[in-house]
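Please keep the sequence and the model in view as you read.

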Amino acid sequence: MNAKIKVLVGVILLLVLSSCATVVSGDSKDIIVNTDPSGATVSVMKPSFDMVDVFVTSNKTPTVLHLKRGNGAFRPAQYLLMFEKDGYMTDTIELNAGLNGIYLGNLIIGGPLGLLIDPITGAAWNLPDRIDYTLRPLK
């Protein structure tokens, strides 16, 4: 194998294998969303800097949301989830990504390169596996 190709393959392997959370978790997460009662509309928005929320998706519960873990390099994702159903109050909750425990594996395996790559890809952050929300009836 040509020396240049060996170096290129080595660099690619180093980048891929040195970022634990990127390899194990990826940059997105599937979140199961249930409401009591079911059949509510859950709308997902991302807060933006100009105070205008950016629409992401809307589905009827039960559903699975596929959301990005990060919000750009070195920033965890933040979402607003709005629940709506006739006869019930409209409620909005915040969903904020926290540190992904797998990211800390870079301290043992990935090293400094993994500590840098995972926050850039968003894999350094984690979101919950599921959200169960109880709607409040109108009075």
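Predicted model: local features only at pLDDT ≥ 70, side-chain atom pairs only at ≥ 80, totals over all residues.

Residues are numbered from 1 along each chain as its sequence is written, and side-chain values use heavy atoms, with hydrogens and water left out.

**Overall fold**

The chain holds three helices and nine strands. Helices (H or I, at least four residues) and strands (E, at least two) are DSSP runs, numbered from the N terminus. In sequence order, the pattern reads α-α-β-β-β-β-β-β-β-α-β-β. Of the 139 residues, 35% count as buried; buried means under 20% relative accessible area, exposed over 50%, and partly exposed in between (1.4 Å probe, protein chains only). A contact here means heavy atoms within 4.5 Å. Among contacts with a separation of 6 or more, 68% come from residues 24 or more positions apart. The accessible surface of the chain is about 8300 Å², and carbon and sulfur atoms make up 64% of that area. Accessible areas come from the Shrake-Rupley method with a 1.4 Å probe; for residues, only the protein chains shown count as cover.

**The nonpolar core**

A nonpolar core is a set of buried Ala, Val, Leu, Ile, Met, Phe, Trp, Tyr and Cys residues joined through side-chain atoms within 4.5 Å. The largest one has 20 residues, and L67, Y79, L81, F83 and L95 have the most contacts inside it. Two or more residues each come from β1 (28–36), β2 (41–46), β4 (63–68), β5 (78–84) and β9 (130–134). The top contributor is β5, with three residues. Not counting residues up to four places away in sequence, L67 touches D27, S28, K29, I31, V44, V56, Y79, L95 and L127.

**Charged pairs**

Side chains of opposite charge can pair when their charged atoms come close. A salt bridge is counted when a side-chain nitrogen of Lys or Arg is within 4 Å of a carboxyl oxygen of Asp or Glu. By this rule there are three salt bridges.

| Salt bridge | Closest N and O atoms |
|---|---|
| K29 and D129 | 2.7 Å |
| R136 and D91 | 2.5 Å |
| R130 and D132 | 2.9 Å |

K29 is buried, with a relative accessible area of 11%, while D129 is exposed at 53%. D129 also lies 7.1 Å from D30, C-alpha to C-alpha, although the two are 99 residues apart in sequence. Leaving aside neighbours within four places in sequence, D129 is in contact with K29, D30, I31 and I32.

R136 lies in the segment after β9 and D91 in strand β6 (residues 91–96), so their pair ties together parts that are 45 residues apart in sequence. D91 is buried, with a relative accessible area of 6%, whereas R136 counts as partly exposed at 42%. In the remaining pair, R130 is partly exposed at 44% relative accessibility and D132 is exposed at 51%.

**Two buried loop residues**

What does the side chain of R69 make a polar contact with? R69 is in the loop between β4 and β5 and is buried, at 6% relative accessibility. Its side chain makes a polar contact of 2.7 Å with the side chain of N126. Such a contact is a pair of N or O atoms within 3.5 Å; within protein, one must be able to donate a hydrogen and the other to accept it, and residues adjacent in sequence count only if both atoms are side-chain atoms. A polar atom of the R69 side chain also lies 3.3 Å from the backbone oxygen of W125.

T61 is in the loop between β3 (54–60) and β4, and T61 is buried, with a relative accessible area of 5%. The side chains of T61 and T35 are joined by a polar contact of 2.5 Å. Setting aside neighbours within four places in sequence, T61 is in contact with V33, T35, P37, S38, G39, A40 and V42.
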